[in-house]
Amino acid sequence: MLRFFILFSLFLDSCVAAPKTPAAAAAVPAKKWLTLNGQEPAVVARGGFSGLFPESSISANDLAIGTSSPGFTMLCNLQMTKDGVGLCLSDIRLDNATTISSVFPKAQKTYKVNGQDLKGWFVIDYDADTIFNKVTLVQNIFSRPSIFDGQMSVSAVEDVLGTKPPKFWLSVQYDAFYMEHKLSPAEYLRSLRFRGINVISSPEIGFLKSIGMDAGRAKTKLIFEFKDPEAVEPTTNKKYSEIQQNLAAIKAFASGVLVPKDYIWPIDSAKYLKPATTFVADAHKAGLEVYASGFANDLRTSFNYSYDPSAEYLQFVDNGQFSVDGVITDFPPTASQSITCFSHQNGNLPKAGHALVITHNGASGDYPGCTDLAYQKAIDDGADIIDCSVQMSKDGIAFCHDAADLSASTTARTTFMSRATSVPEIQPTNGIFSFDLTWAEIQSVKPQIENPFTATGFQRNPANKNAGKFTTLADFLELGKAKAVTGVLINIQNAAYLASKKGLGVVDVVKSALTNSTLDKQSTQKVLIQSDDSSVLSSFEAVPPYTRVLSIDKEIGDAPKTSIEEIKKHTDAVNLLRTSLIIVSQSFATGKTNVVEEMHKANISVYVSVLRNEYIAIAFDYFSDPTIELATFIAGRGVDGVITEFPATATRYLRSPCSDLNKDQPYAILPADAGALLTVADKEAQPPAIPPNPPLDAKDVIDPPLPPVAKLASNGTEGGPPQTPPRSGTVAIAANLSLSLLAMMALGLLYTA
């Protein structure tokens, strides 16, 4: 146990920072809040940092203190042993949160609790010594880390009070049940003289009334908790929905209410937000504070939040109409940064760092990638660089799409499955390839939002899964100029195959499109040319304003000087996988590489890809929070850009003063220290060590010269220059009456040449 405490203290020192002093906090301009008292909403940590460690364990409590904003509140769910000792545990049944069932396998019982029969191992059947000495804690939500199970003892209420959190909240859920079994939570509180307890909540009116005078003398705030609207409150035998109709009556025995978050922002059956209720306004009118519960980074909430937990908090505290007075959360640092760093953030705030926000197929987490809607959303979200991976149709039309294979991100399978072929030079599986379809055929199918997590049951914005229109390269460049984005990234794929096997010169097409857009003759907007083929990048060497980006799609663990010197001949920047910078094993960050530092020594910029908001794609070390992952790569590893499918999350982080670790401020968004979290777990519980990634080898990224464009009759162009789509993006037809006679004659000469 001593070893555990030493390691845990080292972990805290390495990955969190103590909140700044109140003097530093006073230097920050005060924000205007729509809470009842005009103060900043409270961050209430349910069981400490229970999103990572077992609830109310010493680790959960200490990490909550170390990562939360100043003045946060620690919440303990009170349970009582048969000898009257108060414990901090989530439920009266021990089996979901402790090892009790393996210690006493035949001790399961059934009790009637609030009119319902519940089966399990109940806390009232054991004395405190038995629980402290024989039982340890486990994580009670199975999607969370289990490597800390069985290592930490149950905490008494006095233990949590002893950590001296800024504020302490005691939740008393089962007063009537305990009273039936000759245990009195009220008497227990009196034995403590309410010392150190700032808030007491309960779903039972009778209990709150019974301690009202004592709580008043101790200046302890009382909060009435609403359960499911159809559940019955034990004292009055009324449904909570009935009690809600007379909020003014609650003011007689409580100063606030605690409700599940869907009391305020309900969600429909398709998991989209419905209009807000008037609950907060009604409660504030009655003089009641409102606290919302049920916040966690690893819950599947409304699609409106784009899997960004900070966006959900902002919906409750910074919507322009009202603000709750506090949030109950399993992930206190995410709530802290949302309230302290992101609330009231002006959309025009300058970025705190130099890192670029580069899209991956536009805002492809919200709309089908590379569509007009995905690009517009990315621009609205403040992306610096919008990207286009150039694909070619059979008749030579260049358009933006993630891959040459249309199977996964369009509805092509329903129409052109018979056209599926094998192209081993591009991918090992069969596909429906753009270069085998005409532009008219491609436009006959619909875009489809691409989801890398389909097998896990995750969906992305299903209401718009087929929304938007395909975007030609010409229209993409025109959009970038019209919207005055910082720059555009053109990703060129399969150039050698297209030239030699399909007679399509994609490099020439891109050069021509950039010339036509005049982006090659200005320095206002950046132009990034990306490819995994060094010969493609070399062909753009004669255009100095362009930034050439080498995409390295294999994991690397080192970048030797000889390899860097070779690739520097062809590139100005590299696009690297996340796992080439931070090593991850079984969802834990186990270490980091020096690749960024090595590239920077050679004056090569480093972009990292692909960042996504879904918590299953994010290491536990990042607290299941995409913002912490951003901080780890930007502030921690010093990358020059992040390539993301959710640019709004990255932009918001970079525009927050909390992203600048050199500023004196009350709270900072800190990067994770890879490998530190694992030191807290027993060695035998840690994931197995994985072999290091191989070093970058120049032979893997230096390619032979591009072959000449073959003259093939099958694609309808006979090796000539590709056709240019009309500006509207619709298919040109030979009989279009708007074509001039001169243009028709020129086309005739071209086809007969």
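These legends walk through several close-up views of one predicted model. In this predicted model, local features need pLDDT of at least 70 and side-chain atom pairs count only at pLDDT 80 or more, while totals for chains, interfaces and linings use all residues. Residues are numbered from 1 along each chain as its sequence is written, and side-chain values use heavy atoms, with hydrogens and water left out.

**View 1. Helix 25 crosses helix 26 at roughly 60 degrees.**
Two packed helices are described by the angle between their axes and the distance between the axes. Here, helix 25 (residues 626-636) and helix 26 (residues 647-654) have axes that come within 10 Å. Helices (H or I, at least four residues) and strands (E, at least two) are DSSP runs, numbered from the N terminus. Axes are lines fitted to C-alpha atoms, for helices over the stretch in contact, and angles run from 0 to 180 degrees between N-to-C directions. Helix 25 and helix 26 are therefore oblique to each other (under 35 degrees counts as roughly parallel, over 145 as roughly antiparallel, 65 to 115 as roughly perpendicular and the rest as oblique). The crossing of helix 25 over helix 26 is right-handed, a word used if the near helix is turned clockwise from the far one, whereas left-handed means anticlockwise by less than a right angle. On the helix 25 side, look for Pro626, Thr627, Leu630, Ala631, Ile634 and Ala635, which touch Thr649, Ala650, Arg652, Tyr653 and Leu654 of helix 26 (contact means heavy atoms within 4.5 Å). These contact residues divide into eight nonpolar, two polar and one charged. Ala, Val, Leu, Ile, Met, Phe, Trp, Tyr, Cys and Pro count as nonpolar, Asp, Glu, Lys and Arg as charged, and the others, Gly among them, as polar.

**View 2. Helix 25 is largely enclosed by the rest of the structure.**
How many of the 11 residues of helix 25 are buried? Nine of them are, so this helix is largely enclosed (buried means under 20% relative accessible area, exposed over 50%, partly exposed in between, with a 1.4 Å probe and protein chains only). The buried residues are Pro626, Thr627, Ile628, Glu629, Leu630, Ala631, Thr632, Phe633 and Ile634. Their packing partners include helix 14, helix 15 and helix 26, as well as strand 19 (582-585) and strand 22 (641-644).

**View 3. Helix 14 packs on helix 15.**
The axes of helix 14 (residues 309-317) and helix 15 (residues 332-342) lie 9 Å apart, at an angle of about 60 degrees. That makes helix 14 oblique to helix 15. Helix 14 passes its partner, helix 15, in a right-handed crossing. From helix 14, the residues Pro309, Ser310, Tyr313, Leu314 and Val317 meet Thr334, Ala335, Gln337, Ser338, Ile339 and Phe342 of helix 15. Seven of the residues in this contact are nonpolar, four are polar and none is charged.

**View 4. Lysine 502 and aspartate 436 form a salt bridge.**
Their closest N and O atoms are 3.1 Å apart (a salt bridge is a side-chain nitrogen of Lys or Arg within 4 Å of a carboxyl oxygen of Asp or Glu). This pair links distant parts of the chain, 66 residues apart: lysine 502 sits in helix 20 (residues 495-502), and aspartate 436 in the loop between helix 17 (412-416) and helix 18 (439-443). The structure holds 30 salt bridges.

**View 5. Aspartate 700 pairs with lysine 554 in another salt bridge.**
The closest N and O atoms of this pair are 3.0 Å apart. Aspartate 700 belongs to helix 27 (residues 698-701), and lysine 554 to the loop between strand 17 (547-552) and helix 23 (561-567), 146 residues apart. Aspartate 700 counts as partly exposed at 44%, and lysine 554 is partly exposed at 28%.

**View 6. Some spots in the backbone deserve a second look.**
Most residues other than glycine have a negative phi, and most peptide bonds are trans. Phenylalanine 194, not a glycine, has a positive phi of about 60 degrees. Phenylalanine 194 is found in the loop between helix 8 (185-192) and strand 7 (199-202), and is buried at 5% relative accessible area. Serine 587 also has a positive phi, of about 70 degrees, and is partly exposed at 30%. The peptide bond from serine 609 to valine 610 is cis, with omega near -10 degrees, and valine 610 is in strand 21.
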